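Please walk through the model below, one chain at a time and then across an interface.

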Amino acid sequence: MSAVIERHLDLTRHDVRSRRRRLGLVVSICFLFVGAVVVMAIFGPLLAPQDPQAQHLALVSADPSSAHWLGTDALGRDVFSRVIVGARTAFFGPLVIALGSFTLGNVLGLLAGYHGGRVDALIMRWVDLMWSIPTLLVVIVVAGAIGASYWWAVALLVILTVPFDTRVVRGATLEQVPRPYVEAAKTLGVPGRWIVVRHIWPNISSIAIANTFLVFASSLVALAGLSFLGLGVSPGTPDWGLMLSENETLLFANPIATIVPGVMIALTATAMNLVGDWLDESLAGRGATR
Amino acid sequence: MSERGTLILTLIGRRLIALVALVVIVSLGVFSLLYLAPGNAVDVLLGHRPRTPATVRALTDQYHLNKPFLDQYWIWLEHAARLNFGSSTQTSLPVSEEIRSRLPTSLFLGVYAFILVVVIGVGVGALAAMRRGGLLDRLVVGVSVVSVSTPSFVAGVVLLYVFAVRLGWFPVFGAGSGFAGTLAHLTLPAVTLAAAGTAFVVKHTRAAFLGVLDQDHVVFAKARGLSATRIFFAYLLRNAVIPIVTISGVMLSSLIVGAVLVEVTFSVQGLGQLLVQSANAKDIPMLQCISLLIAVVILVANLLADIVYLLVDPRIVLGRR
Amino acid sequence: MTDTAGNALEVVDLRIDRVREGRLEAIVSGVNLAVARGESVGIVGESGSGKSMTARAITGLLPRGLSASGEIRYRNRNLLDLTERAWRGVRGTEIGLILQDPFTMLNPVLRCASILGESLRTQRRLDRNARRAEVLRRLAEVGIHDPAAADRYPFQLSGGMRQRVGIAAALARDPEILIADEPSTALDVTTQRETLSLIKQIQATRGMGLVLITHDLRVAFAMCDRIYVLYAGTVVEVGKPAELDAEPLHPYTQGLLLSEPPLDHRVATMFSIPGAVPNPDAVTNRCPFVDRCQWATEICSNGPVSLSTIEGDRQSACVRLPAIRAELAAVRRQAVAGAAPRQPDRLTSRLIDVRAVSKEFVHSGRTTHRALDEVSLSVGENECVGLVGESGSGKTTLARLLVGLERASAGTITIDGVDATDWSALGRADLRKLRGSVQIIFQDPYSSLDPMRSIGWTIAEAITTRSRRARNVGQRVADLLSEVGLPQSYAELRPVALSGGMRQRVAIARALATEPRLLVCDEPVSALDVSVQAQILNLIRRLHVDRGLGYLFITHDLSIVRQVSDYLYVMHRGRVVESGPTEQVLDGPKDPYTVDLLKSVPRADQSWLTSSPPGHVASSGALTRKE
């Protein structure tokens, strides 16, 4: 009998639909781009050809030239160097937000989904409340009250983003909890914490991780937006959002100075979103979630 | 129908009560901003004006600063109900006047953008889903991702550059006067504002339609030879609308946020720009008023979305299987 | 071959392929069938046979990514050539289709009257009253006489009612041919018979052709004039029910027949076909059954097989038939040989003692649902007890109570001397004892195992949870695997690589890790193909003999419960309505529900549908949802 069974090793009714999409051209480019941004963020000052803060008052609002590849801004600062160094604030703040929200959101989501009952009701009420709050506006108002700063904004955004992660993770957890493999673990006597960590989490991790990339992208946009409004980084800091607003007046003189930082924001966010979507689809084959 | 009717009314009633409660909670938070700010409440309210015993006394009287916290809150709430939020610390003019003068502009912008979003968003999303996998679909998905990722202030600047600076089709800033003038001035901002919202709606509409297209009841409808029109309206649209309505609350929030950024980008004298100005200048009374206003708008809009959802899906009220 | 002139529908060399990544994967490879006017034809097959796709192809409703080739002749046209627009004139008007799942078949946002109204012919412009009258007339045709039903939404009706509405809608334009794709599979056993009987009656009244698609050969026998047996995309046998029942002419057909054990006596060993149903794409160049057939030789793998006429109308695709015909019959005789039933000795100590247990579920603060109502039941050491009931009977709730996944609202449960009514109140030692006494096997093998973990890991976890400092875990895993009939190399595999039957074996191995004395089996074979079911049943029986493992076997299938249990409880709507030694209960039922249940088991003859109407406990016109 086992000989016959051996022959049927790969014959299953639910065919193994390999959802693992090959690393397409677009996604590869996204990875490369993000990699470049990371490099710029970490090694910014080393890579910039000129001092981003140095003002060349003779060459104010100049067009791109061989000396200044992207021209200069209203204070004569080299735009290209500022763009490179600006990757810092575009990367680290969102990174902290994404990771912080991921950690807290996963813990809360798993708790709410697995235990249900009062704990879940409480957490969900809070999530629902935060769901309709426009994050950026809250940060603007609070910044208006207590004074604006980049890292305060980051801290506030972490708190405001946790509900979104929580909701996603809770939803995924709720799908798993009634499944027989979880119930079998319960009847065997596997402790709750082990079930959550070793059974449920690996099966929902793809959703949680893909979501983090999307959170990163939206945090990047939010922080850049705050700086654009003057409520983020302090004036003078090389930051894509701030540059966008500082140089808006230069649209007639040196439009590159304002368009390039804006494009960098858009491209980085797009790249992160695409990577997140791709991860979502390619990891979806694994685990019980699809 | 009447059974369902009464159930719906009860649910709406309950939600209204919840809404009022939420508004009260938010108002408490908004009121506390005065005390969140670093420094003395008086200093904050003084703004740039010099600090003299006379002005201090005047402010203390005007804002009842020597009363206990909750008393102050209550008085503030009473005033707020009568739309009196005090005076701006920047201009010393009454807050409500400033708001009133800017409200029409923001409203125009918001409605303009909303119409664009709904018409284009749902239309394109449905079309893309019906022609799944085709050129249109792939194009739509691609553009959507980029559009969602491009913040409105970036798109705004780019559009401003292309259409206003280079091509000169639209004015560069301001809100214009008269209907035609306003329309012309606010087109670029409205389009920018609509861009991200549209992408969001397209994505969800497409997903909603795709979800419905695969369902058994659609197959059964085709199997009975029903016309394409009937299937589209009674089967696809009717069922796809349900998930779309549920995201409309989020869409509205993002529209409001976007409006703030867009107004700043295009120098439109609306409430959003006022909000940012007030935040930069720490004009607490102004911030309080605008925050409360926005909070009420969002809560009411969410309530409306909930009501539409109740009406559209018979399973909610009458019980799921 | 049948006379072409009398045929309403003819399918010639139908092939259905899936286009995937540039190549074509076969789903159906060359099906031929014919339906004469007023004839009812059955297509019988298990999963992966392609039967549903064939139905879809005939109505032009193949899902995206699938394409059909060949001919489907209806009224001198090849339907496969039709444009979508032309199809609209055929679907519903000429050929009707009923889908399998009544719970998803009807538009949830429309009332039943609208669903029926939209299906009526559009040529006749009816005014409101006339339309309403027509809708009510159609509903009456399917046995719904209460006009209020027309104003309900589908979700307010029971499954059986929904299926009736679906049938009425499918027939609204009076098609010549009705294709019913597993019309009763998603329904309760008792409702199944009603639904099938209704379809048969309507067919007779209207003189319609019927194509019935099912996985249950006996249902096809009762309903159809001619049967096509489909396996892995190929038709392997054609014949009349009586002839097929008397002597199947293909090893698969016979295997299928024997896989569902008889209701009226116990067999010595339950028959199953080893292995699992293959992917149709993998077997296009040989006899699809070759891997599982005990008579397979080289000629079976030489090339694709086709039907050849054996005698009269009978056709078979077995190339070795003349040679093995006698052996085939011999195997059959042996398989249905009876066995003496065990006399249950109920005096053995009770391992599980359930007394007057009730369980209520509260739904979002408003409604309470009484799932169990003062149920009393017991299982002794080493005893094989069966629990029979349909959905809503409370059998699954009871199973969950026994393993601590739910808590009883009232009553007591004693397991091996420990009060197991409320597991959360027990200390560690007691919990450990309980877990070592009772374990459970779930119904769905596809989600019983953690998809991210290997088989070996899953079983090892069960072992180490039991005893933290277990030694030789690897060896014990291997031992358990071989005990359930799986090769030890499987320990490294993930569940996705195994078939449903194999996964269920793994689930059993996992349950055995705690060395339980009793196994609660909650519908362990319902989700498996019929030809594979007995593999698991035989395994459970063998474990009973080898290990002294008792079990509580929960199922809705009376034939199976006869084979595996000595004592039987029958549950209905949360109560035990009858109990006793299995043979007694099944041969001489006392409770009307049990009688009804027995009548609803498909019997392979035409009288099954028309025999005395069921003394149903719940009236068939009930609008309430079946819980």
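This is a predicted model: local features need pLDDT of at least 70, side-chain atom pairs count only at pLDDT 80 or more; totals for chains, interfaces and linings use all residues.

Residues are numbered from 1 along each chain as its sequence is written, chains are lettered from A and ligands numbered from 1 in the order in which they are written, and side-chain values use heavy atoms, with hydrogens and water left out.

Chain B contains 13 helices and zero strands; helices (H or I, at least four residues) and strands (E, at least two) are DSSP runs, numbered from the N terminus. Along the principal axes, its C-alpha atoms fill a box of roughly 85 × 60 × 35 Å. Of the 321 residues of chain B, 48% count as buried, that is, under 20% relative accessible area, with exposed meaning over 50% and partly exposed in between (1.4 Å probe, protein chains only). Among contacts (heavy atoms within 4.5 Å) in chain B between residues at least 6 apart in sequence, 72% join residues at least 24 apart.

Helix α5 of chain B, residues 95-130, includes Ile115(B). Ile115(B) counts as partly exposed because its relative accessibility is 49%. Its C-alpha atom is separated by 9.8 Å from that of Ala190(B), 75 residues apart from it along the chain.

Chain B also meets chain C: 27 residues of chain B are in contact with 33 residues of chain C. The two chains bury about 2,600 Å² between them, 58% of it on carbon and sulfur atoms; buried area is the accessible area (1.4 Å probe) that two parts lose on being put together, summed over both. In chain C, Val109(C), Glu118(C) and Phe155(C) lose the most area to chain B, together 23% of what that side buries. Two salt bridges are counted between the chains, a salt bridge being a side-chain nitrogen of Lys or Arg within 4 Å of a carboxyl oxygen of Asp or Glu. Glu118(C) forms a salt bridge with Arg224(B), with the closest N and O atoms 3.3 Å apart.

Elsewhere in chain C, strand β13 (residues 350-363) runs antiparallel to strand β14 (residues 367-380), joined by 10 bridges; strands pair if DSSP finds at least two bridges between them. Five bridges join β13(C) to β16 (residues 410-415), also antiparallel. Ile352(C) stands opposite Val379(C) in β14(C) and opposite Ile415(C) in β16(C).
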